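Let's take a walk through this structure together, one region at a time. Keep the 3D view open as you read.

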Amino acid sequence: MESRIRELENPTQPPESIVLQNPYVESVPTQTAQTISHSGELPAQLRQSLLTQFLTYASELGFFLNPACLSEPSATSSLSAPIGLHTTPALSYAALLLGAQLTSPQVVDLDIKAGLLAKTLDRTSSILSTNHPDKALHAIQIHVLLSHYFLMNDRSLEGKYNLTMAISLVLSTRLHRIRSHGDSEISSQASLAFPGIGVVPNSALALPKDVAEEKERIDAFWTVLSLNSCWSSLEGTTSSFAYWKPELNVDTPWPGVDLDPNAQSSSTIQWFLSNTPDGAYSIMALHAKASILFEQSFELTRSYDSTPFSETIQTWLLKWNTLQSLTQRFQSEVPSVESAESAAASRRLLVIHTLLCVTKIRVLRPLPAQVYDVSNENIRKVAIEAALLMRRVDLRETAFIDPILAMLWSIIGKTLSEEISRDGSTQVEVDEMRDALDTITQTMLMLSPSYPLMGRFFTDSLSPSQKADSFMIEQQLQIIQDRS
């Protein structure tokens, strides 16, 4: 299956099964590759290094499980054995794989990553047939990590495949109905035995043992929903989780909210979209809300009927006003990037604010003058605001940048390019926009060697004058190629 996916994503490359080699040229595999293929082991020090690197960025990679499940049980460990006593082999390999992805190529070569990827995919394919008590939750976690891995490497088809698998598992285990008011009567007897724990009838998951385990499930749901809302919108595909439909209504409470033992929840997203304050301000909740607003802006623009005085225009404008008002209020409640208490938090806030900036651009774009008087000045201000955010976060030393930023920055860059080319701007405004565009292009250029997706979207962010400078583009793309 994975080979077939790679063939679809790279039709110009020959299938792996018929790759030919010159019989007169001796092929000498590296010592590291031989170690993995023959003994099935990684050096203990390297394993611990990869795990440490993964855990450093775990929250940004959508890791929602207790990190203790990945602790090393001994000084030496085989690749054929799980890392911890409470984990699954597939999850162990997935963590090592992401750790390898975030480690310098001088330390971890392509052979090591290829070996870890093969192990992860092999064990993941059979994880649901094991007897592990948390196999469903681990499977969701692994598919989230694999989605990030493939999207970081510009392998979108494989990334979307794993994301779809995660969504399927979330829905089949009814993680969208945790503490649901509608399920309370069905599960009243079980609730007496486990007070305060949301019970999910007809679920593949057993009752959560405690609040900590319930938190993992809540975090798992919102992690998957956020990932889906962002990527399905940007790729223009139909959402695999249309939460706005009654049959997929979300009752699960926001993550990071302290819940009373007997608290119930209902229509979580619907209440948020109706502009009702809910007191959910954890970094994960903020990310989920920003992702939802981002997706709603795409749904709104898709439904726009540009015919003047159409029958649906008034209904559409009501939705537009609600979304615009909600986005403005919500962004005012999101902490500033500078207020973050850690580098990881500042990067996550950068993603949240950038999502909201692109949401505002998307909301403003489809409006014609005869329907609503919105000047391009507002779009320019939002695009410049998004570029200025990048200067407030040090991205030079980090090993991980959310790949969604590659596509968001490309949208902002193209917006600035269009506004620069538009008549009516003063020279001061043009210079300000060019300065903002330079910030975007230089940041994407800096990150392109480590992020194939960033490199692909780099040229989309250039202005017409920059694209006309073929020598500059050739030099910049050569730098990307040499460092990859």
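Predicted model: local features only at pLDDT ≥ 70, side-chain atom pairs only at ≥ 80, totals over all residues.

Let's begin with the second largest pocket, which holds about 850 Å³ of space. Its lining is made up of 46 residues, and Phe 63, Phe 64, Leu 65, Asn 66 and Asp 219 are the closest to its centre. Two or more lining residues come from each of the helices α6 (135–152), α9 (211–234), α11 (283–302), α13 (343–364) and α15 (404–421). Which element gives the most to this lining? That is α9, with eleven residues.

Now turn to α12, which runs over residues 313–333. Several of its residues are buried, including Trp 316, Trp 320, Leu 323 and Phe 330. The buried residues of α12 pack against α10 (268–273), α11, α13 and α14 (376–390).

Two charged residues of α12 are worth a look as well. Glu 333 forms a salt bridge with Arg 329, with the closest N and O atoms 2.7 Å apart. The two residues sit four places apart in the helix, about one turn. An α-helix has 3.6 residues a turn, so residues three or four places apart point the same way. Glu 333 is partly exposed at 28% relative accessible area, and Arg 329 is partly exposed at 21%.

Arg 155 pairs with Glu 158, the closest N and O atoms being 2.8 Å apart. Arg 155 is buried, at 17% relative accessible area, and Glu 158 is buried too, at 0%. In the salt bridge of Glu 213 with Lys 209, the closest N and O atoms are 2.4 Å apart. Here Glu 213 is buried, at 9%, whereas Lys 209 is exposed, at 61%. The whole structure has 17 salt bridges.

Finally, find Lys 113 in helix α5 (residues 110–124). Is this lysine buried or exposed? Its relative accessibility is 15%, so Lys 113 counts as buried. Beyond its neighbours within four places in sequence, Lys 113 is in contact with Leu 97, Ala 100, Gln 101 and Val 108. Leu 97 is 16 residues from Lys 113 in sequence, yet their C-alpha atoms are 6.1 Å apart in space.

Conventions
Residues numbered from 1 in each chain as written. Heavy atoms only, no water. 1 Å grid on protein atoms, 1.4 Å probe; cavity = no way out; pocket = protein on both sides within 12 Å on 5 of 7 lines; lining within 4 Å. Points joined across faces, edges and corners; volume = space filled by probe spheres on them. Expected span 1.5 Å × (residues − 1). Buried < 20%, exposed > 50% of the residue type's maximum accessible area, 1.4 Å probe, protein only. Contact = heavy atoms within 4.5 Å. Salt bridge = Lys/Arg side-chain N within 4 Å of Asp/Glu carboxyl O.
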